[in-house]
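Here is a friendly walk through one structure. Keep the picture open while you read.

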Amino acid sequence: MASPRDIPTHATEVSHSLSASPAATFHSPLASHSNSFMSSGMMRRTTAPKQLKPFSTGDIKILLLENVNQTGQDILREQGYQVEFLKSSLPEDQLIEKIRDIHVIGIRSKTKLTEKVLREAKNLLVIGCFCIGTNQVDLEFAAQHGIAVFNSPFANSRSVAELVIGEIIMLARQLGDRSNEMHHGTWNKVSARCWEIRGKTLGIIGYGHIGSQLSVLAEAMGMKLIYYDILTMMAIGSARQVPTLDALLQEADFVSLHVPETPETKNMISSNQFQQMKTGSYLINASRGTVVDIPALIKAMRSGKIAGAALDVYPNEPAGNGDYFNSQLNQWGDDLRSLNNIILSPHIGGSTEEAQRAIGVEVADALVRYINQGVTLGSVNLPEVTMRSLTLDEPDHARVIYVHHNVPGVLRKVNEILADHNVDKQITDNRGDVAYLMADVCGIKDEDIKLIRDSLDALSSRILTRILY
Ligand SMILES: NC(=O)c1ccc[n+]([C@@H]2O[C@H](COP(=O)([O-])OP(=O)(O)OC[C@H]3O[C@@H](n4cnc5c(N)ncnc54)[C@H](O)[C@@H]3O)[C@@H](O)[C@H]2O)c1
Ligand SMILES: O=C(O)CC[C@@H](O)C(=O)O
């Protein structure tokens, strides 16, 4: 392993012969990524970043599921990693089989990386969620095992907000039904219970990236805006935060959900909430399928309480494209489909070319930075730690990364191990029980690296040791 010949660029700058498991010892950035990182202004240096790899990039095995965008695939392949790409997600048994062998996995919203699955992921270093939501990953278990998780926090927010604007108009004008009728040859020119959206009140539940973006668009369409959020959020334009969910439900003509999947948001909109809503109002859910109690929605629509709904997400969603959205998947499937003025879309809120390309780049870049430099900026489950790249005028440096339980006395022990070396820079941070330490050490020889790694591995606080050189 570790042959510098396999390193695509600047490979001759370093020459190490240590054999290492990717999970134990990792290495640094390719120029394109480290340069863009350095140009952030945080860590400007005149010297080119040093290319560090303890083993051939070809040893890194990456599994990309759920049709991750080509932009992301390209970035990872350019690094020389082995990338396996699949269009759909995998059934749990196949996922477990594959995850044993890989160092990196890229997923979207469908793949469930539960404790059961992650327990088998003995070589896994990092998870890339090529989406906003990270509810499909057991973040805590991953952190406790030193597996970093990255996502793309807002690259598809605009796409979701635009879809919702379209749905508001479609529902107000019963456009889905009229279109369906025309597809079946029926001309049905009606205006009863069809409305303009101008002057109507949109109630946004969850005023984060998507909710606030929707607020801007809806206000431009002449709607009045109210929102409910567990946090006090800055109102945009003339939007107004209301103190309770009930207050929002009682006032809004359209209710749109933009909350994450959490225990608190499970069935957040159920029979009681439908009762609070205005008769003839509309519900839109493009957040997560668990947030709306669908049988209660079906009842509320049949009774006329709710005049229309748009759903983009469901408690159970198929693994891939095909003829799967039936009552076997969700027992109420047929009832839902039989309703009038309901728009059903296959979780496409974030599915635009713009969003998927941007997500591909953002998440793949984060993965490369983590694999090659150990930088955790943007991680959703590990402390966010960064240091400038090592440079070509630092030839005998190594970057020591020690992920550990946050218990008293660890730093003293780590620094005893590093004491005989010159520590250029060191940074540590914690997130709950898990701490992440990075130290750049100079004057390092191959035998030092092995010694440092073995000594760190022997500490009881250890979760993961990586040495990049
Ligand atoms: N349909 C799609 O394709 C699609 C695309 C992107 C995101 N999403 C979903 O939309 C969700 C929201 O995305 P975002 O980027 O706006 O997230 P965000 O984190 O920026 O905003 C979420 C907001 O919800 C609030 N919130 C959390 N719990 C709440 C509760 N119990 N009651 C009220 N407010 C609560 C938070 O305080 C936050 O302001 C994501 O978590 C994801 O599940 C779906
Ligand atoms: O693309 C997906 O599968 C998920 C889209 C969306 O729900 C997200 O969380 O970003």
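Which residue in β2 is the bridge partner of Ile62? The partner is Val83.

## How to read the model

This is a predicted model, in which local features need pLDDT of at least 70 and side-chain atom pairs count only at pLDDT 80 or more, while totals for chains, interfaces and linings use all residues. Residues are numbered from 1 along each chain as its sequence is written, and chains are lettered from A and ligands numbered from 1 in the order in which they are written.

## Confidence

The predictor's confidence in each residue is called pLDDT and goes from 0 to 100. Its mean over the chain is 89, with 88% of residues at 70 or more. For residues 1-46, however, pLDDT is below 50. The model's scores are ipTM 0.99 and pTM 0.89.

## The open sheet

Strands (E, at least two residues) and helices (H or I, at least four) are DSSP runs, numbered from the N terminus. Strands count as paired if DSSP finds at least two bridges between them. Here, five strands make an open sheet with parallel pairing, in the order β2-β1-β3-β4-β5. At its edges are β2 (82-85) and β5 (148-150), each pairing on one side only. Strand β1 (residues 61-64) runs parallel to β2, and four bridges join the two.

## An annotated stretch

UniProt, in an unreviewed entry, lists residues 166-349 as "domain: D-isomer specific 2-hydroxyacid dehydrogenase NAD-binding". UniProt positions follow the numbering used here, feature names are shortened, and annotations may be inferred rather than shown by experiment. Over residues 166-349, the chain is 30% helix and 16% strand.

Notes. Two residues are in contact if their C-beta atoms, placed from the backbone, lie within 7 Å.
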